[in-house]
Every structure is written in structure tokens, then in C-alpha cells.
Amino acid sequence: MSRRGRSERATLADVARLAGVSPATASKVLNGRSDVGASTREHVLGVMAEIGYMPTAVRHERTRGRTLVTVLDIVESRYAGTVLQGVLLAATSAQAELLLRLPPDEPISASRTAARAWMEEQQASGVVGVIALAVAVPDSVLLAAEELEVPIVTIDPIDTTESRLVSIGSTNWAGGRSATEHVIKLGHRRIAWIGGPLGSAPSLERFHGYQAALDSAGVTPDRALIRHEAFSVEAGLRHGHDLLAQDERPTAIVAGNDEIAVGVLAAAKNLHINVPGELSVTGFDDTPQTQWTTPRLTSVRQPLVGMGRMAVETVLGMADGVQPASRHLQLATTLSVRDSTGPAPAS
């Protein structure tokens, strides 16, 4: 079979194999990158022409510059929207195109062959780097990315123990501690926690910060006041109702994110519990919705836009061969005090 006879089925991997270069080099040529030798570029372009390899999407990408793909499954949340704002601003500044993808489905995640094909498809679209936003990166996808030399950077990764991944996050432990210390200083001692899933590293770090603040103040945690479920308004509403219906209800609730806190505020309103007169509530993320609640929500501020910007800058640097100084980068959190917290009610 001649090379030209395979043109309709040709992949970027075919180009690399026939040209005797790596898929990453073939991708660089495809995207008009300057860090490829002239002779190599001419050779690879010759192979592409010979087998007729030139996807329409790639022709457009070559004129527009590099492309990044952001993988996420929580588009509807204010958290994701704010992080994506930073990603988009940085990508625009770097003249890079931005694609959004849902996480690879189970068959792709479970198969090395399927994962490699998925990653090759991204490369064929001109993708030079992947940003994973608060989603797990399957080992099969990570291995394919390594083989094809496509860097992956994660934002708020579910698992922070994977040493092969570069991650962007915030000081979650310190943030959880600062929110809890804030209500302790206001005189609260019966302080509840409603957090995200136990499998989420950021949620656990925030919870450990909550525990550390209680320990430091000599407050014994009451297991009946501790809940872990999901980063959602529904979880905050349900657990808020349950906690506030107890005979000895908490006087403060520290929430693992702003959406949980919004649910807690709704539960307090339903039960005619005054915030902050009878109950103080804190959130985490400091998304724009903290300004829209009644009362306005005290929240731990994550630099979400900055995290998105840093992810783009880091993954583009890695695509250029520049490794970050640290595999796990953390930006500082600060507490934004508003109207949802106040002195503990008198006994």
C-alpha cells in the first residue's frame, strides 16, 4: 500500500512514524512552531503532503497559534466560571486558542489504546497542552500524554499525591483554619463543618484546617456536627436543615465552599434562624455570589482567576520545554469578612 493511499485514514502518529520524528515534533511542525530545525520541518511537511495529511481544523489552528484544551465537568458552578475567566484571559494574552472538553469517558479512561487515540486527537487539533480543572486524570491518559509529550497541568486536583502531575491550587488548609479561627474569636464553640466529598483533596485539606483551629483553641470536635458530601447548594441545604434542627444546634457552620454555604443560608431562612444573630456561616472560594446573598457571605478567598492564569502560563512554558520550579504550586488564601458572621449568641 502506498503512502498516498492511506491519506484518508492518516493520523499525526502516522506522520511522525513515516518522518522518523516524535509525535510532539510533528505537532510542532503542524502548528508552525519556531523551535524545529528547518530541515526537519521541510521533511515533516513533505511527508504530510505526500500522504495528504492536513485536517481542516489544523489548517485554521496554524494561522491562529497554539491551542490549549481545558477538561472539566462543572461548567455550571460559579467556581468553574471564575477559574475559566482566568484561563481565557491568559490564553488570549498568549494568543492561544482555548477548547473545552468533558473528561474522557470510562472506555477511554480504562484503555491505554483508547487513551492514546484520544490524546492523538487533541494533538491533531493543534493542542499543545491540557488543563484539568478539578477532575481526576486517569493513569491511561497521563501515560499517553507522557508518550506524546503533551504537558498536563491540574487546577485543584482531586488527588494531590500524583507526583507526575503539575498542580495549581491554594493554601486550603490555611483557609479552613482561618475561617474557623474567625468564628472562634467571635466566641463560637459549637462549630459545625459541612464539606465536599471525602475523596477530594482540597476538601480534606480545608477540613483538616478546621480541625487544627478547634484543637488550637481547646475545642473538642463533636462528630455529630461534621458532614461530608458534595460541593453543592443541595448538600448545604439538606445538612443545614439537619444540623439546625438538632436540640443543641451549632451557633456557627464552616462550609467547604460557597455553594454549600448558600444552601446553609437557605436552610436557616426556612427555619427562621437569624444570620448572623443566631448563626454564623462562612464559605470558601469567595466567588461573586458571596456579594449576592442575604446577608453577604463571609468567605475564604481563593485567587481563582490567578489560578487559571497560572495554569495557562505553566502549561505553555512546559510545552516550550520549561519545567516549573515546583510540581505543586499554591497561591495564598485570605479571609473576606462580610455580614454572615457575628458574635456567638448569649447562652
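How many nonpolar, polar and charged residues does the lining of the largest cavity have by class? It has twelve nonpolar, no polar and no charged residues, where Ala, Val, Leu, Ile, Met, Phe, Trp, Tyr, Cys and Pro count as nonpolar, Asp, Glu, Lys and Arg as charged, and the others, Gly among them, as polar.

The model discussed here is predicted: local features need pLDDT of at least 70, side-chain atom pairs count only at pLDDT 80 or more, and totals for chains, interfaces and linings use all residues. Residues are numbered from 1 along each chain as its sequence is written, and side-chain values use heavy atoms, with hydrogens and water left out.

The protein chain contains 13 helices and twelve strands; helices (H or I, at least four residues) and strands (E, at least two) are DSSP runs numbered from the N terminus. Of its 347 residues, 51% count as buried, a term that means under 20% relative accessible area, with exposed set at over 50% and partly exposed in between (1.4 Å probe, protein chains only). Among contacts with a separation of 6 or more, 74% join residues 24 or more positions apart, contact being defined as heavy atoms within 4.5 Å.

The empty spaces come next. Rolling a probe the size of a water molecule over the atoms shows where empty space is left. On a 1 Å grid over the protein atoms alone, a cavity is a set of points where a 1.4 Å probe fits but cannot get out, and a pocket is an open set with protein on both sides within 12 Å along at least five of seven lines; lining residues have an atom within 4 Å of a point. Grid points are joined across faces, edges and corners, and a volume is the space filled by probe spheres set on the points. The structure holds one cavity of 30 Å³ or more, and about 90 Å³ of space lies in the largest cavity. Among the residues that line this cavity are Val71, Trp118, Val130, Val141 and Ile152.

The largest pocket has a volume of about 440 Å³. Its lining is made up of 20 residues, and Ile74, Tyr79, Ala134, Phe231 and Asn257 lie nearest the centre. By class, nine of the lining residues are nonpolar, five polar and six charged. Tyr79 also belongs to the surroundings of Thr287: leaving aside neighbours within four places in sequence, Thr287 is in contact with Arg78, Tyr79, Asp258 and Leu304. Thr287 lies in the loop between strand S9 (280–285) and strand S10 (298–301), and is buried, with a relative accessible area of 2%.

The second largest pocket has a volume of about 370 Å³. It is lined by 22 residues, with Glu149, Val150, Pro151, Met318 and Ala319 closest to the centre. At least two lining residues come from each of helix H2 (23–30), strand S3 (127–133), helix H8 (139–148) and helix H13 (304–319); H8 gives the most, with four residues. The class counts are twelve nonpolar, four polar and six charged. Ala319 is found in helix H13 and counts as buried at 12% relative accessibility. Although 190 residues separate Ala319 from Gly129 in sequence, the two are 6.5 Å apart in space, C-alpha to C-alpha.

Aromatic rings give a further set of links. A pair of aromatic rings is described by the distance of the centres and the angle of the planes. Rings of Phe, Tyr and Trp (its six-membered ring) pair if their centres lie within 6.5 Å; planes under 30 degrees apart count as stacked, over 60 as edge-to-face and the rest as tilted. The structure holds three aromatic pairs. One of them, between Trp193 and Phe207, is tilted, at 5.7 Å centre to centre and 50 degrees between the planes. This pair links distant parts of the chain, 14 residues apart: Trp193 in strand S6 (residues 191–195) and Phe207 in helix H10 (residues 201–216). Trp193 is buried at 1% relative accessible area, and Phe207 is likewise buried at 8%. The rings of Trp193 and Tyr210 have their centres 5.5 Å apart and their planes at 40 degrees, so this pair is tilted.

Glu181 belongs to helix H9 (residues 172–185) and counts as partly exposed at 26% relative accessibility.
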